[in-house]
Amino acid sequence: MVELKEVSHEHVCPGSYGHAFKASKGEHIRLTDLMGQQPIDFWVFNQGDVSEYLSVCHTRVANLSMEVKPGQSAVTNLRRPIVTIVEDNSPGQHDMLLAACDKTRYEGLGHEGYHRNCQDNLHEALADVGVEIHFSPQPWNLFTHFPWTSDKRIELLSPDTKPGDNIVFRAEMDIFVVISACPQDITIICGNENTDVKAEVGSLA
């Protein structure tokens, strides 16, 4: 497992909430599922121009795959590498198809009143670092388990991640990273509860 040194940022993001932070080109970001079975909605933006962002649809084309493996990069809507997976210490379940949960999703599931959601977490977290955007990119859904069935339907299952499972990225440009410890508690996609995740930024030992 790679070791981070000179950690410039470390934050525990509470379950159901979001967090945004900066990383410089060449720095490494480790995201850890502290308790297991906790999906992370993951967004990345170019610090110099937030209209350039990690695009999962462009990434699928760039890799000609539904998933990104260690050594491969996710790309932006301008088809430029933005983060590269350095190491994946998890079952490797990272969905690139489903939208972030939002208030309409919970209304459709029968919830009454406000429910925390990943889309709002995105915008709240960006506001904390002084960034406002007027769109909501599709996230890269880390630590999720949404397999296809034989008839091309998508199942929503609990993740197979265990406490301490993590993934390490390298920033390919100066970036804003946003993570949301998904607050879904009506379906089983977060297992039995919403739990905390950890973000660390630093260089490799």
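This is a predicted model: local features need pLDDT of at least 70, side-chain atom pairs count only at pLDDT 80 or more; totals for chains, interfaces and linings use all residues.
**Entry 1: burial**

Buried means under 20% relative accessible area.

**Entry 2: aromatic pairs**

I searched the whole structure for aromatic pairs and got 5. I noted Phe42 with Trp140, where the centres are 6.0 Å apart and the planes make an angle of 55°, a tilted pair. Where do the two residues sit? Phe42 is in strand E4 (residues 40–46) and Trp140 is in strand E7 (residues 140–142). They are 98 residues apart, so I wrote this down as a link between distant parts of the chain. Trp140 is buried, as is Phe42.

Next I took Phe42 with Phe169. What is the geometry of the rings of Phe42 and Phe169? Their centres are 4.7 Å apart and their planes lie at 15°; planes under 30 degrees apart count as stacked, so this pair is stacked. This pair also links distant parts of the chain, with Phe42 in E4 and Phe169 in strand E8 (residues 165–171), 127 residues apart. I recorded Phe42, Trp140 and Phe169 as one aromatic cluster.

**Entry 3: nonpolar cores**

In soluble globular proteins, nonpolar side chains tend to be buried together. I looked for the largest nonpolar core here and found that it has 30 residues. Which residues have the most contacts inside it? They are Ile29, Leu31, Phe42, Val83, Trp140, Phe169 and Ile175. Strands E2 (18–23), E3 (28–33), E4, E6 (81–89), E7, E8, E9 (175–181) and E10 (197–204) each give two or more residues to this core. E9 gives the most, with 4 residues.

I also found a second, separate core of 20 residues, which includes Val50, Cys101, Cys118 and Leu126.

I followed up Val83 by listing what it touches, leaving out residues up to four places away in sequence. Among its contacts are Phe42, Trp140 and Phe169. Val83 also touches Val44, Leu54, Ala74 and Ile175, as well as Gln72, Ser73, Arg170, Ala171 and Glu172.

**Entry 4: the surface**

I checked Ile154 and found it in the loop between E7 and E8. Is Ile154 buried, partly exposed or exposed? At 40% relative accessibility, Ile154 counts as partly exposed.

Definitions and conventions: Residues are numbered from 1 along each chain as its sequence is written. Side-chain values use heavy atoms; hydrogens and water are left out. Rings of Phe, Tyr and Trp (its six-membered ring) pair if their centres lie within 6.5 Å; planes under 30 degrees apart count as stacked, over 60 as edge-to-face and the rest as tilted. Buried means under 20% relative accessible area, exposed over 50%, partly exposed in between (1.4 Å probe, protein chains only). A nonpolar core is a set of buried Ala, Val, Leu, Ile, Met, Phe, Trp, Tyr and Cys residues joined through side-chain atoms within 4.5 Å. Contact means heavy atoms within 4.5 Å.
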